[in-house]
Amino acid sequence: MDENSHSLSTTPLTDSIVHSPYQGQEEELLPMASRRNIAPAIGIDLGTTYSCVAVWQNNRVEIIPNDQGNRITPSSVAFAEDGRLLGDAAKNQTDVNPTNTVFAVKRLNGRRFSDSSVQNDVKYWPFKVVAGPSDRPRIVVNYRGVEKQFSAEEISSMVLVKMKEVAETYLGCIVKNVVITVPAYFNDSQRQATKNAGAIAGLNVMRIMDEPTAAAIAYGFYKITEDHKEKSVLIFDLGGGTFDVSLLFVVHGKFVVQATTGDTHLGGEDFDDRLVDLCVKEFKKKYNKDITGNAKSLRRLRTACERAKRMLSSAVMTSIDVDYLYDGVDFSTRISRARFEELNKDLFTRCTDLIEKCLSDAKIDKTGVDVVVLVGGSTRIPKIQQLVQDFFKGKELCKGIHPDEAVAYGAAIQAANLSGQGDKEVENLVLVDVSPLSLGIGTTSTLEKMLFVVPRNTPIPTKKQKTITTMLDDQTAMSIPIYEGESTETKYNNLLSNFYLQGINPAPKHVPDIDVCFDIDADGILNVSAQDRSSGHKNEIVISK
Ligand code: AMP
């Protein structure tokens, strides 16, 4: 395996996972009926800030509430004196234990520590992230006086274990099979990391599914309409950490994701940041005190800002109050909805710019969009709703399903479909996703030109082959760099991996035929192989960054 490939963590996990409530007690504890029952497959929306789990039961989707009665669970993990805490229990103690409360690790999954987006994120986080082997981010916490490090996949697996536990408590049986959703814009490495997290959590990940596709399914667009006409559906998904906009075509219950675009770094947390910055400046001006070096104060301020932001979705004015914010000084300020909108104007505009990009990728005019669906907690912001509605010239927006539940809802339908536990309608569901970025290899002697193998928006699963050759006489080995991106110059694209083929039969330059095959599975995970036709020598890898 390539040194950059993901493998399941070898770190002992006995200490890092909260086990299922039925772990090891399957036979003794489970009611007789459940023992006989096959556990239904579940759908998990593994979100940046919140996660949600749903199941198809009694011919409908049920969103599963957690132990606090909440239908969404914070994607937070805390390492506290009295043990490891997950979900609400973790989030609720963030203010008193900020450096050991980990959240938003979805932003690290499948990334390198040196990635600019990671560098940008860690600046704002109160917990520590360092570079590990192969430039992988490692999350550092202090657990009962001992320093511990975890990979992003390990932390994600703890969130998944929590969601599994929520489902098991509700269903009364062990859950194994699952569909997990990811942003449509996630690259191969990020999908693989999510799959690894599922495996670490002891789950059988039946499918990694795009969030917008799941949302479209939730709204029933898999149902065959009477007119049998093709429908174009735009999914606008603005969550806590990511923004996705996708255009799907639905016909005869079949889905084709025509185009997806987005920003892996745009969401509710960015709006929170703007409020935090405003308050930090105000505190400095009023009291001449800088709170930016104090993780606990920053965290408490952020919690108050997020609360105010939510309030401003229903009220036009609210206050941000934090007692003893810093150095024994209280903080209190008033903020209007208009001011909040002004602070985030550029971020909100970016959302509509990305709708334009998606439509242009899909080669469709805004008037050709039949349905617009709002997904993600941040679409509760009235200004966002208004901007989207104005963009589509007053079109009615679909927001009937709770925006933070729609993705898990659709994932549960897909899980029922894959496990054969749904009804007739669900059984007929066919999904066609696309590869969101073009994939190719570096060619010419300096490897600077991109040879496109799989064009952007190709429906997956797919298998595409190109034949390349040697640049030197008697060349017996070659390096094959694999890129994703749209530029014809590889330096502007993203290097996914660089793999090596040896054992090419010596021959004059340009004579050998090397078949390079890109195979993308239904989860969007890429397998690349290269084979010298004459010697039969072959090398292949599963690509991960
Ligand atoms: P999601 O990732 O879809 O669960 O969305 C979570 C994000 O939605 C967080 O940033 C929340 O602060 C935000 N959010 C939830 N409810 C509201 C609301 N009523 N108004 C504004 N933002 C909200």
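1. At 47% relative accessibility, arginine 60 counts as partly exposed, whereas glutamate 62 is buried at 8% (buried means under 20% relative accessible area, exposed over 50%, partly exposed in between, with a 1.4 Å probe and protein chains only). The side chains of these two residues, arginine 60 and glutamate 62, meet in a salt bridge of 3.6 Å, N to O (a side-chain nitrogen of Lys or Arg within 4 Å of a carboxyl oxygen of Asp or Glu).

2. This is a predicted model, in which local features need pLDDT of at least 70 and side-chain atom pairs count only at pLDDT 80 or more, while totals for chains, interfaces and linings use all residues. Residues are numbered from 1 along each chain as its sequence is written, and side-chain values use heavy atoms, with hydrogens and water left out.

3. The structure holds 26 salt bridges, including one between aspartate 272 and lysine 309, whose closest N and O atoms are 2.9 Å apart. This pair links distant parts of the chain, with aspartate 272 in helix H8 (residues 268-287) and lysine 309 in helix H9 (residues 295-311), 37 residues apart (helices are DSSP runs of H or I, at least four residues, and strands are runs of E, at least two, numbered from the N terminus). Both aspartate 272 and lysine 309 are buried.

4. Glutamate 282 and lysine 286 also meet in a salt bridge, at 3.6 Å, N to O; they are 4 residues apart in helix H8 and therefore separated by about one helical turn. Glutamate 282 is partly exposed at 23% relative accessible area, as is lysine 286 at 46%.
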